[in-house]
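Colleague: I would like to go through the labels used for this model and hear what each one rests on.

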Protein chains: 2
Amino acid sequence: MEVRALVFDVFGTVVDWRGGVAREVRRLLGPSVDAEALADDWRGRYLPSMERVRSGQLPWTPLDALHRASLDDVLADAGLVDVPASVRDELTLAWHRLDPWPDVVPGLTRLRAAYVLAPLSNGNVALIVDMARRAGLPWDLVLGAEIVRHYKPDPEVYDSAPRLLALDPSQVLMVAAHVEDLVAARARGLRTAYVHRAGEHGGQRVPPPTDPDADLSVRSFGELADRLGA
Amino acid sequence: MEVRALVFDVFGTVVDWRGGVAREVRRLLGPSVDAEALADDWRGRYLPSMERVRSGQLPWTPLDALHRASLDDVLADAGLVDVPASVRDELTLAWHRLDPWPDVVPGLTRLRAAYVLAPLSNGNVALIVDMARRAGLPWDLVLGAEIVRHYKPDPEVYDSAPRLLALDPSQVLMVAAHVEDLVAARARGLRTAYVHRAGEHGGQRVPPPTDPDADLSVRSFGELADRLGA
């Protein structure tokens with residue numbers, strides 16, 4: 001079976017969450033805050049917050065609301081207790097305003113001529129739509145966690161892509177910079193492509209150069225388009 | 001509250017189903033078949049087929065499968081019993097290959113600069129994506145029946161638009177050429193715009209020129225963009 005659709009992890013794979021969140025922290029909280037450290041701390045609470053939903057401890061909660069709640073903990077731990085609620089709300093929208101890596105828009109534009117393209121992110125739909133409109137990401141449609149009310153790596157998220165696109169799982173290629181996302185996608189029959197994003201953690205923690213278990217390992221969306229003949 | 005997103009009925013409102021289906025009937029069944037009559041008959045089975053899902057008589061079934069099943073009845077009633085299954089499958093894809101009315105792409109392109117745009121159709125996601133890629137419809141995302149596994153006019157479909165876009169219902173404008181779609185949208189708090197599509201039924205049945213209950217009545221997506229200041 002030939003690949004017909006590409007679905008993408010977003011935070012880290014398509015966009016630079018660390019740089020974008022730090023930029024908004026500086027803009028809204030001023031230069032005295034360690035913006036990168038705050039971004040790292042906030043992102044560190046991402047998996048645990050979703051785990052509370054995945055385990056059933058919390059009912060379905062969109063990522064914006066999880067981000068907003070974990071921000072309160074981040075600010076408390078940083079001693080920033082006086083930040084007004086309106087600024088906290090605005091700062092939560094930082095996740096809607098992340099910039100894509102430089103290779104993303106040219107790569108997606110090439111890929112779109114040959115493949116259906118969709119994000120398959122844990123970000124809620126409004127977040128993903130705002131991001132796409134701001135950055136010019138040429139998605140054909142928005143898939144992901146909120147559509148099925150399950151967070152990755154729950155199998156429902158991966159299964160939703162071939163189901164809604166009326167394709168066999170082997171006709172869908174999951175693209176991600178995180179090995180564990182690809183492990184979960186492969187378990188549902190999707191093909192997988194690993195993208196090496198050396199800068200996701202600001203160079204402090206460097207991901208593996210390739211994923212030997214993936215169908216493809218690339219260093220950019222341009223290389224992905226090359227390898228897929230797009 | 002200001003309108004932030006526009007959601008669109010598709011068959012008849014965005015695309016000319018009658019002309020497109022008739023074109024594919026002629027291509028696949030030859031010139032001896034009354035293509036427009038066959039298109040009208042097929043479309044006539046659309047509401048009853050969805051009603052079987054809405055009433056619970058059938059489990060959730062995507063529109064492609066409903067179209068494929070009703071095609072068998074259409075062909076039987078037309079005495080075309082020898083059409084092979086492969087041709088029936090191909091003919092069902094006619095609904096993926098419908099052309100937009102001439103004002104649609106220029107109008108949507110203007111509207112998209114100011115508003116989030118999404119189809120809110122009973123068409124299944126794969127159908128809507130194929131149609132959009134072929135016709136160049138600049139949707140931000142795909143909403144609609146299959147996402148929530150309910151057919152319009154079930155309230156779940158209308159409710160899904162503001163929910164997934166994180167908007168108040170009054171910030172979402174439903175655009176349709178069918179008064180009953182707008183009645184159901186208003187009942188869920190959406191704003192409504194009526195589009196007069198005189199040619200939907202090939203002139204045999206002419207819809208009302210305006211919907212006095214809608215917020216807006218227009219004759220094209222260009223006029224809709226004018227009225228919305230886009």
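**Labels and cut-offs**

Modeller: Arg54(A) is partly exposed, because its relative accessible area is 32% and the class lies between buried, under 20%, and exposed, over 50% (1.4 Å probe, protein chains only). This is a predicted model, in which local features need pLDDT of at least 70 and side-chain atom pairs count only at pLDDT 80 or more, while totals for chains, interfaces and linings use all residues. Residues are numbered from 1 along each chain as its sequence is written, chains are lettered from A and ligands numbered from 1 in the order written, and side-chain values use heavy atoms, with hydrogens and water left out.

Colleague: What makes the contact of Arg54(A) and Glu51(A) a salt bridge?

Modeller: The rule asks for a side-chain nitrogen of Lys or Arg within 4 Å of a carboxyl oxygen of Asp or Glu. The N to O distance here is 3.1 Å, so the pair meets the rule. Both residues lie in helix α3 (residues 46-54) of chain A, three residues apart, about one turn of the helix. A helix is a DSSP run of H or I with at least four residues, a strand a run of E with at least two, each numbered from the N terminus.

Colleague: Why is Glu24(A) called buried?

Modeller: Its relative accessibility is 4%, so Glu24(A) falls in the buried class. The side chain of Glu24(A) meets that of Arg97(A) in a salt bridge at 3.2 Å, N to O. Glu24(A) is in helix α1 (residues 17-29) and Arg97(A) in the loop between α5 (85-92) and α6 (104-112) of chain A, so the pair ties together parts 73 residues apart in sequence. Arg97(A), at 23%, counts as partly exposed.

Colleague: Why are α2(B) and α3(B) called roughly parallel?

Modeller: Helix α2 (residues 35-44) and helix α3 (residues 46-54) of chain B pack at about 20 degrees, with axes 4 Å apart. Axes are lines fitted to C-alpha atoms, for helices over the stretch in contact, and angles run from 0 to 180 degrees between N-to-C directions. Roughly parallel means under 35 degrees, so the two helices qualify.

Colleague: Which residues meet there?

Modeller: Trp42(B), Arg43(B) and Gly44(B) in α2(B) meet Tyr46(B), Leu47(B) and Pro48(B) in α3(B), contact being heavy atoms within 4.5 Å.

Colleague: What is the geometry of the peptide bond from Lys152(A) to Pro153(A)?

Modeller: That bond is cis, with omega near 5 degrees. Pro153(A) is in the loop between α8 (145-148) and α9 (155-165) of chain A.

Conventions
Angles under 35 degrees count as roughly parallel, over 145 as roughly antiparallel, 65 to 115 as roughly perpendicular and the rest as oblique.
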